[in-house]
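Trainee: I have a new model to read. Can we go through it step by step?

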Amino acid sequence: MNFLGRRPRGTDRYLNWLYVFAGGFIIGIIVMNMGKTFLLAEGGVLNIHSLNRMKYLEVDGTALLRFVLSERAAIIALLVVLATTFAGIAASYLFTFGQGALIGMFITAATIRYGLKGILLIIVGLFPHQLLLIPAWVMLLNWCCQLCCKFYFPAKDCELDYANRRRYLLKKGVWLLWIIGVVIIGSILECYVNPILVTEILNIF
């Protein structure tokens with residue numbers, strides 16, 4: 001793993017994130033299994049009463065979209081701000097680890113509670129918005145790491161050199177706007193399309 005040392009190739013950073021994500025995923029599985037007596041109690045994660053309520057819940061897509069966008073705007077802002085500090089790279093790995101742990105916990109909870117139906121519920125719950133959101137988050141993390149490297153760790157910088165600082169920052173700004181646009185589109189799909197799919201799959205529970 002190339003956290004320190006030689007000048008990285010572009011693929012090295014993605015491989016490092018994959019390892020960290022996998023580590024978080026395994027930790028999430030372990031935590032859920034160790035704490036299942038508490039976490040999977042009657043009112044715990046993915047309990048049947050919550051799923052039954054969701055079947056008949058009429059989702060207000062506009063309100064949900066406002067909530068989702070506000071949450072993601074806060075995360076993006078935090079990562080971008082941290083990218084301007086020496087902690088930017090560490091923040092990207094911490095975020096990746098956390099996402100892996102959460103997914104590991106939810107998949108384990110769904111499997112323990114409902115078996116194959118639980119896995120199907122998780123898959124449907126990720127579609128179609130994650131087809132856009134996963135690449136967007138990867139692009140954002142890469143954006144943050146590149147900026148942090150440019151400012152604090154030039155030996156690890158794998159971007160093209162820009163003699164003009166203003167030109168470099170303009171390029172980064174355009175890329176950030178592109179990433180935010182993808183996140184917005186993915187969030188719209190999550191709030192208006194995904195609830196329909198989830199409601200349909202809940203009919204088998």
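Trainee: Where is the place of L197?

Mentor: This is a predicted model, where local features need pLDDT of at least 70, side-chain atom pairs count only at pLDDT 80 or more, and totals for chains, interfaces and linings use all residues. Residues are numbered from 1 along each chain as its sequence is written, and side-chain values use heavy atoms, with hydrogens and water left out. Helices are DSSP runs of H or I, at least four residues, numbered from the N terminus. L197 sits in residues 194-201, which is helix α9.

Trainee: Does L197 count as buried, partly exposed or exposed?

Mentor: Buried means under 20% relative accessible area, exposed means over 50%, and partly exposed lies in between (1.4 Å probe, protein chains only). L197 has 30% relative accessibility, so L197 counts as partly exposed.

Trainee: How many disulfides does the structure hold?

Mentor: A disulfide is a pair of cysteine sulfur atoms within 2.5 Å. C145 is in no disulfide, as the nearest cysteine sulfur, in C149, is 6.3 Å away. The sulfur of C149 is 5.9 Å from the closest one, in C148, so that is too far for a bond. The count of disulfides is 0.

Trainee: Is C145 buried or exposed?

Mentor: Look at the relative accessible area. For C145 the value is 1%. C149 has 1% too, and is buried. C145 is therefore buried.

Key. Helices (H or I, at least four residues) and strands (E, at least two) are DSSP runs, numbered from the N terminus.
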